[in-house]
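Please read the following note alongside the sequence and the model.

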Amino acid sequence: MSHLAEYLTLMAVFAVAAVAPGPDFAMVVRQSVVFGRRAGLLTSLGIGSAILLHASYTLAGLGFLVAHSIVAFSVLKWAGCAYLVYVGVKAWAAPAPAMDGEAAPAGVMTDRRALALGFLTNALNPKAMLFFLSLFSTLVSPETPLAVQGFYGLSMGALLVCWFALVTMFFTGRAVRDGLVRFGRWFNRVTGALLICLGIRLALQRAVAAP
């Protein structure tokens with residue numbers, strides 16, 4: 001298989017997985033509605049940069065070791081679970097999002113914090129690690145140069161940023177955002193409960209060894 005065919009196959013499979021709702025999607029939607037477009041875009045950038053982390057340790061061979069180590073995988077899983085539950089609890093207790101032109105809700109979302117929130121949401125998700133490792137193990141030839149594989153990972157990160165940037169633009173559209181903000185604190189409670197449920201679901205899942 002040529003590198004181009006390999007690349008297109010990899011990106012097609014990754015694109016299907018990228019648009020599936022999960023912790024990343026829930027986080028970007030909440031950031032966009034509660035804190036605005038800039039926070040949503042920076043959170044999207046943080047999620048995309050986490051893909052570069054997954055690519056780095058996969059190419060270094062560390063992803064295989066984590067996927068096949070019960071202790072290492074458990075540490076990553078429980079860290080990801082605790083993080084999602086923590087963010088979910090904070091979202092549940094947060095004040096209602098502000099309408100456009102009103103004062104911002106309590107709690108400032110700095111650029112650095114938005115980036116970190118997106119990065120940690122994806123980086124601490126062991127399912128993302130296993131999926132990335134599985135993709136490379138199944139679709140990428142061992143003969144493919146590391147530089148080319150690195151380009152694959154960079155492209156996947158860029159694709160994820162673009163997708164969540166589109167999600168951000170949609171949910172920060174005036175009509176959509178104002179409609180969601182009218183739910184007041186219930187928007188935070190629903191998104192908080194969703195993040196908590198995703199964390200619990202993650203905790204209940206068992207590791208599935210990558211091929």
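Which residues have the most contacts inside the largest nonpolar core?

1. Basis of the note. This is a predicted model, in which local features need pLDDT of at least 70 and side-chain atom pairs count only at pLDDT 80 or more, while totals for chains, interfaces and linings use all residues. Residues are numbered from 1 along each chain as its sequence is written, and side-chain values use heavy atoms, with hydrogens and water left out.

2. The largest core. Leu10, Phe14, Phe136, Met156 and Leu160 have the most contacts inside the largest nonpolar core, which has 24 residues. A nonpolar core is a set of buried Ala, Val, Leu, Ile, Met, Phe, Trp, Tyr and Cys residues joined through side-chain atoms within 4.5 Å; buried means under 20% relative accessible area, with a 1.4 Å probe and protein chains only. Two or more residues each come from helices H1 (3-18), H2 (23-35), H3 (37-59), H7 (126-139) and H8 (146-171). Helices here are DSSP runs (H or I, at least four residues), numbered from the N terminus. The most is given by H8, with six residues.

3. Met156 and a second core. Not counting residues up to four places away in sequence, Met156 touches Leu10, Met11, Phe14, Ile51, Phe132, Leu135 and Phe136; contact means heavy atoms within 4.5 Å. A separate, second core has 15 residues, among them Ala26, Leu84, Met109 and Leu202.

4. The pairing of H3 with H7. The axes of these helices, H3 and H7, come within 10 Å and cross at roughly 55°. Axes are lines fitted to C-alpha atoms over the stretch in contact, and angles run from 0 to 180 degrees between N-to-C directions. From H3, Ile51, His54, Ala55, Tyr57, Thr58 and Leu59 meet Ala128, Met129, Phe132, Leu133 and Phe136 of H7. By class, this contact has nine nonpolar, two polar and no charged residues.

5. Asn122. Leaving aside neighbours within four places in sequence, Asn122 is in contact with Asp24, Ile47, Ala50, Ile51, His54, Ala128 and Leu160.

6. Phe73. Helix H5 (residues 70-93) contains Phe73, which counts as buried because its relative accessibility is 6%. Phe73 and Pro126 are 53 residues apart along the chain, and their C-alpha atoms are separated by 7.2 Å.

Technical notes. Buried means under 20% relative accessible area, exposed over 50%, partly exposed in between (1.4 Å probe, protein chains only). Ala, Val, Leu, Ile, Met, Phe, Trp, Tyr, Cys and Pro count as nonpolar, Asp, Glu, Lys and Arg as charged, and the others, Gly among them, as polar.
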